[in-house]
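Please read the points below with the model open beside you, and look up each place as it is named.

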Amino acid sequence: MAVLTNFLNKILFPIIKPDFQKLEEQLSKKTIIITGASYGIGESLCKLIANIDCHLILVARTKEKLEEIQISLSSQKATIQLYAADLRDVNQLDNFLNFIQSYHIDIFVNNAGISICRSIMQSLDRRHDYERTIKLNYLAPVSLCLALIPKLAQSHGQIINVSAINVLLAPTVNWAAYQASKTAFDQWLQCATPELRNQNIHVSTAYLPLVKTRMILPTKAYQNFPALTPVQAATIICRLLQTKKRQYKPWWIIIGQITSVLFSGIWLKLTTYYIKHKK
Ligand SMILES: NC(=O)c1ccc[n+]([C@@H]2O[C@H](COP(=O)([O-])OP(=O)(O)OC[C@H]3O[C@@H](n4cnc5c(N)ncnc54)[C@H](OP(=O)(O)O)[C@@H]3O)[C@@H](O)[C@H]2O)c1
């Protein structure tokens with residue numbers, strides 16, 4: 001099983017590494033905000049770029065974990081600053097926005113996120129699931145972008161959005177809260193992109209497949225699925241930082257997108273049947 005998964009991983013997710021020398025030139029002396037830096041993809045990204053002489057502002061709720069990362073990277077070249085905040089909380093978000101006002105910002109990596117896998121019928125008394133996903137995955141990055149646009153325009157900077165392939169494919173049953181909130185921010189950013197380009201701000205989106213982080217741990221079905229490692233996902237983000245390309249998506253996603261359009265009726269029938277007959 002492990003051999004097959006490794007083989008599939010190689011075919012499905014060939015990782016093109018960035019030119020690390022160019023990346024270093026690109027990021028040197030830059031100030032970079034990374035949200036969701038305490039675990040998973042965000043943590044790996046910090047580790048990959050920590051040996052560059054840049055200023056990292058790391059944001060997440062778990063202060064101790066951020067401190068642990070800061071200590072582990074203390075011998076590296078980057079200056080690391082921590083900001084512990086729950087980005088769903090309007091007051092904490094506003095405090096963070098005030099905090100960054102005094103800084104020149106070059107790059108914003110919107111990475112903090114939560115996912116929820118739950119059917120609608122199990123969510124009838126769980127409006128908060130929709131509130132927390134929309135607050136973190138949509139409203140927080142919109143607020144951050146609004147506050148950062150003047151700064152990024154000044155620095156000819158970059159916004160990198162860590163998104164998911166789900167937003168490019170047919171809707172998936174049980175993922176309404178997550179998929180709606182990730183799609184909302186993706187749409188917002190796509191609508192904003194022409195204006196942002198006119199402000200000399202580059203916009204890049206990483207449409208990631210499954211990544212083996214704590215995010216997918218509660219979903220048992222995903223444990224044996226082919227998936228990126230957090231380091232591979234962070235390498236993709238580094239490449240977007242270096243090339244400033246508009247997007248990353250796996251090569252095979254085009255097949256999924258065409259299938260999603262052509263066979264949407266069949267997909268609906270299949271998922272309805274699956275829900276009816278699953279134990
Ligand atoms: N894992 C996947 O399969 C996958 C696939 C595609 C896209 N993505 C996207 O990748 C991004 C990173 O996810 P991950 O897989 O690395 O998951 P993860 O390991 O759970 O990391 C999520 C990060 O977001 C932070 N975060 C969560 N709630 C927060 C809040 N209320 N305020 C501030 N920070 C908060 C977490 O830190 P604290 O808990 O310390 O706050 C953590 O650092 C997400 O945007 C996700 O949608 C993931």
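1. Leaving aside its neighbours within four places in sequence, V167 is in contact with K182, T183, D186 and Y207. In this predicted model, V167 has its place in the loop between β5 and α7. V167 counts as buried because its relative accessible area is 14%, and the cut-off for buried is under 20%. As a further point of orientation, V167 and I266 stand 99 residues apart along the chain, and their C-alpha atoms are separated by 19 Å.

2. With a relative accessible area of 14%, T219 is buried, and, when neighbours within four places in sequence are left aside, T219 is in contact with C117 and W175.

3. Now turn to the ligand. Which residues come nearest to the ligand, of the 30 around it? They are R61, T62, D86, Y178 and T213. The residues of this shell divide into 17 nonpolar, 8 polar and 5 charged. Among the elements that each supply at least two residues of the shell are α3 (40-49), β5 (158-164) and α7 (176-198), and β5 gives the most, with 3 residues.

4. For I41, the distance from a polar backbone atom to an oxygen atom of the ligand is 2.9 Å; for G36, the corresponding distance is 3.1 Å; and for G113, the distance is 3.5 Å. Taken alone, the ligand exposes 880 Å², of which the protein buries 97%.

5. The next point concerns the nonpolar interior. In soluble globular proteins, nonpolar side chains tend to be buried together. Here the largest nonpolar core has 43 residues, and those with the most contacts inside it are I32, I34, I49, L56, L58, V109 and L208. Helix α8, which covers residues 230-243, gives the most to this core, with 7 residues. A second, separate core has 32 residues, including Y83, V142, W188 and L189.

6. L208 deserves a separate look, as one of the residues with the most contacts inside the largest nonpolar core. Leaving aside its neighbours within four places in sequence, L208 is in contact with I41, V162, S163, A164, I165, L228, A233, I236 and Y248.

7. At the start of helix α2 (residues 20-27), a side-chain oxygen of D19 reaches to within 3.1 Å of the backbone nitrogen of Q21. After α2 comes K29, whose phi is positive, near 70°, and this is a positive value in a residue other than glycine. K29 lies in the loop between α2 and β1 (31-35), and K29 is exposed, because its relative accessible area is 64% and the cut-off for exposed is over 50%.

8. Is N200, at 40% relative accessibility, buried, exposed or partly exposed? N200 counts as partly exposed, because 40% falls between the cut-offs of 20% and 50%. The place of N200 is in the loop between α7 and β6, and its phi is near 65°, again a positive value in a residue other than glycine.

Key: Residues are numbered from 1 along each chain as its sequence is written. This is a predicted model: local features need pLDDT of at least 70, side-chain atom pairs count only at pLDDT 80 or more; totals for chains, interfaces and linings use all residues. Side-chain values use heavy atoms; hydrogens and water are left out. A residue is near a molecule or strand if one of its heavy atoms lies within 4 Å of it. A polar contact is a pair of N or O atoms within 3.5 Å; within protein, one must be able to donate a hydrogen and the other to accept it, and residues adjacent in sequence count only if both atoms are side-chain atoms. Accessible areas come from the Shrake-Rupley method with a 1.4 Å probe; for residues, only the protein chains shown count as cover. Helices (H or I, at least four residues) and strands (E, at least two) are DSSP runs, numbered from the N terminus. Ala, Val, Leu, Ile, Met, Phe, Trp, Tyr, Cys and Pro count as nonpolar, Asp, Glu, Lys and Arg as charged, and the others, Gly among them, as polar. A nonpolar core is a set of buried Ala, Val, Leu, Ile, Met, Phe, Trp, Tyr and Cys residues joined through side-chain atoms within 4.5 Å. Buried means under 20% relative accessible area, exposed over 50%, partly exposed in between (1.4 Å probe, protein chains only). Contact means heavy atoms within 4.5 Å.
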